[in-house]
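Please examine the sequence and the structure shown here before reading the report.

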Amino acid sequence: MKFNTKTIHGGQKLDPAYGSVMPPIYQTSTYAQTTPGGHKGYEYSRSSNPTRTALENSLASIENGNYGLAFASGLAAIDAIIKLFEPGDEVISTSDLYGGTYRLFTSIFEKFGIKFNFIGMENASNIENYMNDKTKLIWVETPTNPMLNIIDINAVATIAKKHDILLAVDNTFATPYLQQPLDLGADIVMHSATKYLGGHSDLVMGGLIVKDKNLADRLYFIQNASGAVCGPQDSFLALRGIKTLHIRMQRHCENGKAVAHFLKKHPNIENVYWPGFESHPNHHIAKEQMKDFGGMVSFTTKGNNYEEAIKLVENLKVFTLAESLGGVESLAGHPASMTHASIPKEEREKTGVVDSLIRLSVGIEDEDDLIADLKQAIG
Ligand code: P1T
């Protein structure tokens with residue numbers, strides 16, 4: 001089955017009761033048993049729920065995995081991955097990453113004795129410098145949030161395999177429409193399904209997808225034992241979103257490209273970060289591992305100051321100033337004060353998250369309206 005068919009049918013069965021085309025929302029916490037253990041495969045909705053199963057099977061299908069697990073949020077999904085490890089274990093993570101992931105690693109898991117090394121991975125061989133016998137996981141976000149750096153998944157996977165450790169890839173920005181990390185050698189794919197997979201800014205959810213049964217069993221144990229699961233209503237909404245992922249992504253990419261080129265030509269704009277530019281340092285890798293360049297674009301203004309950036313985002317009318325990304329509507333964010341405020345200023349500035357940086361999640365509205373809006377806001 002090809003990707004555009006998998007988004008609609010992958011892992012799905014007709015409902016056995018009435019043949020409903022969409023899975024019913026099994027809004028139930030528990031299931032009747034005829035005798036202890038005598039049930040039809042479901043006993044308690046933290047452990048599993050048929051609507052969630054339909055979503056988890058869809059996730060596995062679109063990422064070319066064998067097992068999918070859905071969580072209450074993207075961060076809950078990341079939390080489950082790190083719970084695979086023990087005090088003393090080490091993780092090598094990309095230094096440019098979602099602020100909430102950084103906060104989870106440093107403010108929660110460091111307390112439990114797990115050490116995180118945040119490093120630049122644009123040149124994958126840099127990872128070898130931080131590898132030791134305690135290293136258990138490489139954490140990759142690509143494209144990165146918010147600087148749109150590109151990391152060579154295949155090259156990192158080769159290093160992870162050589163050292164017999166796990167590679168997890170946060171595929172939130174790319175989605176499986178653009179890249180499928182398991183096929184490039186990753187062990188775990190993670191999603192904030194809140195974003196492009198859901199696609200309509202109406203839910204918060206996370207997902208993990210793996211190929212290996214033993215790893216799936218260990219993650220399932222954590223999902224059930226820690227309990228950060230998503231409910232059946234949200235599972236239904238995410239499934240509905242995934243069915244249009246391929247057509248939404250196509251338009252996100254077209255509009256992202258138009259916006260990136262518009263900004264690049266604008267005399268008041270200093271830097272534009274978008275992996276589709278030939279001048280992007282890892283454009284050649286993006287071209288190889290991604291089908292297109294996505295709908296996320298970041299930029300700084302010529303004046304390079306905080307006040308100007310804030311004024312610009314306040315002036316936008318079609319773009320909404322808001323956290324999050326990946327919905328049908330265009331959003332603008334100011335990472336330094338919003339999504340990445342939990343990263344200390346000197347750390348975030350090292351990766352380029354300066355006070356004048358603005359991040360756009362380019363939606364699927366008409367391209368002309370988006371560009372007209374940016375034009376009037378930039379002035
Ligand atoms: O918000 P949540 O569903 O828990 O997902 C966290 C997360 C993980 N990974 C990436 C790459 C993300 O972008 C996010 C969430 N990001 C935002 C809310 C944001 O505006 O960047």
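The report below describes a sheet and several salt bridges in this predicted model.

## The five-stranded sheet

Five strands form an open sheet with mixed pairing, in the order S8-S9-S12-S11-S10.

Leu331 is placed opposite Ser361 of S12.

The structure contains eleven salt bridges. One of them pairs the side chains of Lys211 and Asp183, at 3.5 Å from N to O. Lys211 belongs to the loop between strand S7 (206-210) and helix H7 (213-226), and Asp183 to the loop between helix H6 (175-178) and strand S6 (188-192), so the pair ties together parts 28 residues apart in sequence. Lys211 is partly exposed at 38% relative accessible area, and Asp183 is partly exposed at 44%.

Another salt bridge links Glu254 and Arg251, with 3.7 Å between the closest N and O atoms. Both residues lie in helix H9 (residues 245-265), three residues apart, which is about one turn of the helix.

Asp355 and Lys345 form a salt bridge whose closest N and O atoms are 3.0 Å apart. Lys345 lies in helix H12, whereas Asp355 lies in the loop between helix H12 (345-350) and S12, so the pair ties together parts ten residues apart in sequence. Asp355 is partly exposed at 23% relative accessibility, as is Lys345 at 41%.

A network of salt bridges links Lys345, Arg348, Glu349 and Asp355.

Technical notes:
Residues are numbered from 1 along each chain as its sequence is written. This is a predicted model: local features need pLDDT of at least 70, side-chain atom pairs count only at pLDDT 80 or more; totals for chains, interfaces and linings use all residues. Side-chain values use heavy atoms; hydrogens and water are left out. Two strands pair if DSSP finds at least two bridges between them. Helices (H or I, at least four residues) and strands (E, at least two) are DSSP runs, numbered from the N terminus. A salt bridge is a side-chain nitrogen of Lys or Arg within 4 Å of a carboxyl oxygen of Asp or Glu. Buried means under 20% relative accessible area, exposed over 50%, partly exposed in between (1.4 Å probe, protein chains only).
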